[in-house]
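Below is a short briefing on a protein structure. Look over the sequence and the model before reading on.

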Amino acid sequence: MNEFIFGKLTLAALPHEWFTIGGTIFMTGMVITVGVLMTYFKRWKWLWNEWLTSTDPKKIGIMYIIVAGLMLVRGGMDAGMIWLQQSIAVGQSHGYLSAQHFQEVFTAHGVIMVFFVTMGFLFGFLNYIVPLQIGARDLASPFLNTLGFWLYVAGAILINLFFVIGGEFAATGWLAIAPLSGTEFSPGVGVDYWIWSLQISGIGTTLGGINFIMTILKMRAPGMSLMKMPIFTWASLCSMGLVVTVFPLLTATIALLNLDRLLNMNFFTTGNGGNAMMYTNLIWMWGHPEVYILMIPALGIYSEVVATFSRKKLFGYTTAVVSLLGIGGVALLVWLHHFFTMGAGSNVNAFFGISTMIIAIPTGAQFINWVLTMRKGRIRFATPMLWFLGFAATFTVGGMAGILLSIPPVDFQLHNSLFLVAHFHTMVVGGALFGIIAGFIYWFPKIFGFKLNERIGKYAFWFWFIGFFVSFLPLYILGLMGATRRLDHYEASTGWQPLFIMSLVGFILLSIGTALIIVQIAVSWWQKKKTQDTTGDPWDGRTLEWSTSSPPPHYNFACLPVVHSRDAFWEIKQQRKQKVQTAVQGKEYEEFHMPNNTALGIYISGLALLLGFAMIWHIFWLAIVCSIGIVFFVIRRTFDEKTEHLVKVAVTQP
Amino acid sequence: MKHTKMTHNAEAADEKVFLGFWIYLMTDLLMFAVLFAVYAVLRNNTAGGITIAEIFNGPFVLTETMILLTGSFICGLAHLIAEKGNKRKTLVLLAATAVLGIIFLGMELYEFHHLISEGHSFTQSAFLSAYFSLVGFHGLHIVAGTIWILVLMAYVFRNGLTPGNIRKTKLVGIFWHFLDIVWIFIFTIVYLFGGVL
């Protein structure tokens, strides 16, 4: 009977080790503090009505960024734990983490950084900026957008829930490679937490991808043809195209792994004809494009930043668009370079090696775009520009390392070494994360109405930039010396320890940099009266998002702009200077519809969270109840007829 | 003037919905693609158990196929009739589609039950895992489609053939055709390649 009601869940699942107890106390403490503060300031209703149930992409964007920021701290702590362990677990000393716990930490670090930090920031920017850049008032489907966001939150909650209930996470590496992730070798609930967390948030991502493609293709302002779109919007379109191409593969692959674990099927098992290498292939068919999903919007952000701060239009717009499309296209053809050692034969390896090298061509073209945009430009070294220049340096290092790794014989040597770890961190941190920070500082005044403190921002940048090289250059060297990745202990005779300690010092510099960014936000908030942005155009921008007030009204544009050229807002400004009163902006005010708030996204995601939890612990009655509930709410949504309200001219007219 | 603007807005909304729905169908198709690929890799990994040639029952699968195809045809008719504004006939045709869907599901469940009761469950071999998953995933879609048709009938019954309901009829038709096409591939790749070739 107990087993029917609670499944595998017993009292033993409650926290009983120092890190789970610590995590539980920390998280409940946070929840209680927030709850008390909310009640004290009587903000619950405000929170629910203004934020949680909102369908405004701008508010959803901010919520994405907040959740991603929290997860960044969580993933960063994991990184610190890994570095600390590796600098002290030498010879006699075995460090402060058990091997099992160390494995869980690096798995959680990878999963959180990729799925919940980078993807979260990315969707945050897309939500806020893309509608503004294309001159739209909202997204194609506001409901799918809130649903996607809340599914992402449900996944994020589930991946942290293992601290409180169960106390173990997958110890398999971030991709849960089979057969290690099968029940034979991972009998606990850790892998199930991984499965359901990614399954739920992955479906949210797919919905987001569909929604943004619909928005960008069908809701652009009059006159904005595809080749007049801002480059960040182009990058978003490429990235979302990849999302809808590969996230279904992830969903299907994880579902098959789940079937293996739940129903004893034999897809990736060692016996009964299962084929574990197939899992590696399938997961990397998603996994490699995933990295480009993160990277391509960052390339778009850099293009915007470089053009704005060089006061020139982007050099070679068409080349940039073709490069983005090229990177996205070739990204689908390179997955096998993650496991040249599979033994697929020299021809197969040669194909994938060459296709990997080809990616360097469009990426190089992007660099030429940026360099030639800066040439003869009036460059201002504001913080976003510094982050761009920092990226240009790190990304070149990482790119060269990538070219090395794409050569199969070299890869046979460096496979699974710290050289590889250093390479992909250079790409993802030095590429995607630097872009996210650049975009954050660049668009911050638009989102919150005041600029960030430039001086602290520059300190933060230098700590990050130097800290980055101090922490990752040693890993390149260690990799060449033969240190494999995911080591929880090594012998003193290897002579690796000094380099690992140097790497830890780099992590401390990175942490100071991160703290400085938080200080920067706090100080700027404190002094926001001084740095208030009253014009809506603090950087002398070129694209339509700068033509609105900061922050924009909830309907973005009272009159939809009419676009004649690529840098639409720049053109408007030029014509204003020349006092040409052409019909640049539609003058006619008219009433329009805006979406209503809805809580259904929260309800459905809440049920999805419960469903995931029930399936992890094999509480099948609860899973069935939740599934029925989800179907009910989805049908319920289709019966909602009044999902929009009218905004009258009197409201929008100045 | 006002009227044309309204219809224009409705058309733009329609365009968005159809684009989104097509992209969704493509994502769904990619999930099927994974299952097809997995099936192709594992089809001979029978681990000494039953093979597809032994499962294959020509007339039975052909009947299933014909039922599904007929359903698809009727669903297409339902959309055409709905465009003409005949509510009663639309309801009848939608009901017929749903019934055919349920019959198809019944046959599939019978086949699954038959296999499992003879000891050839999905745990027996990698081939059977792939077989059950691919065919079962299609079956799940039929379940979803059938529920959708029933809900749509409730709509049409309650509100009549509003433009929104006509659009939904068209969407459900696209979905049903999509499932048909996927089934044709299952019929060919799983059953015909396995049983005849």
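The accessible surface of chain B comes to about 9200 Å², and 71% of that area belongs to carbon and sulfur atoms. The model is a predicted one. The points below start with chain B and then turn to parts of chain A.

**Chain B as a whole**

- Chain B contains six helices and zero strands, so written from the N terminus its elements read α-α-α-α-α-α.
- The C-alpha trace of chain B spans about 70 × 30 × 25 Å along its principal axes.
- Of the 197 residues in chain B, 49% are buried.

**A nonpolar patch on chain A**

- M1(A), F4(A), I5(A), F6(A), W621(A) and V625(A) make a nonpolar surface patch of about 640 Å².
- Two elements of chain A, helix 1 (2-6) and helix 20 (620-639), each give two or more residues to this patch.
- The most comes from helix 1 of chain A, which gives three residues.
- F6(A) lies in helix 1 of chain A.
- F6(A) counts as partly exposed because its relative accessibility is 40%, and partly exposed means a value between the 20% limit for buried and the 50% limit for exposed.

**Helix 20 of chain A**

- Helix 20 of chain A has 20 residues and reaches 29 Å from its first C-alpha to its last, close to the 28 Å expected at 1.5 Å a residue.
- Its buried residues are L622(A), A623(A), C626(A), G629(A), I630(A), F633(A) and R637(A).
- These residues cover an arc of only 125 degrees around the axis, so they sit on the same side of helix 20 of chain A.
- An α-helix has 3.6 residues a turn, so residues three or four places apart point the same way.
- I624(A) and I628(A) are exposed on the other side of helix 20 of chain A.
- The buried residues of helix 20 pack against helix 6 (142-164) and helix 19 (600-616) of chain A.

**T172 in a loop of chain A**

- Where is T172(A) found? T172(A) is in the loop between helix 6 and helix 7 (190-218) of chain A.
- Is T172(A) buried or exposed? T172(A) counts as buried because its relative accessibility is 8%, and buried means under 20%.
- Neighbours within four places in sequence aside, T172(A) is in contact with T107(A), I177(A), L180(A), S181(A), S186(A) and V191(A).

How values were computed: Residues numbered from 1 in each chain as written. Chains lettered and ligands numbered in written order. Predicted model: local features only at pLDDT ≥ 70, side-chain atom pairs only at ≥ 80, totals over all residues. Heavy atoms only, no water. Patch = residues over 30% accessible without salt bridge, like charges linked within 9 Å, V, L, I, M, F, W, Y side chains within 5 Å. Areas by Shrake-Rupley, 256 points an atom, 1.4 Å probe, with all protein chains shown as cover. Salt bridge = Lys/Arg side-chain N within 4 Å of Asp/Glu carboxyl O. Helix = DSSP H or I, 4+ residues; strand = E, 2+ residues; numbered from the N terminus. Buried < 20%, exposed > 50% of the residue type's maximum accessible area, 1.4 Å probe, protein only. Expected span 1.5 Å × (residues − 1). Arc of directions from axis to C-beta. Contact = heavy atoms within 4.5 Å.
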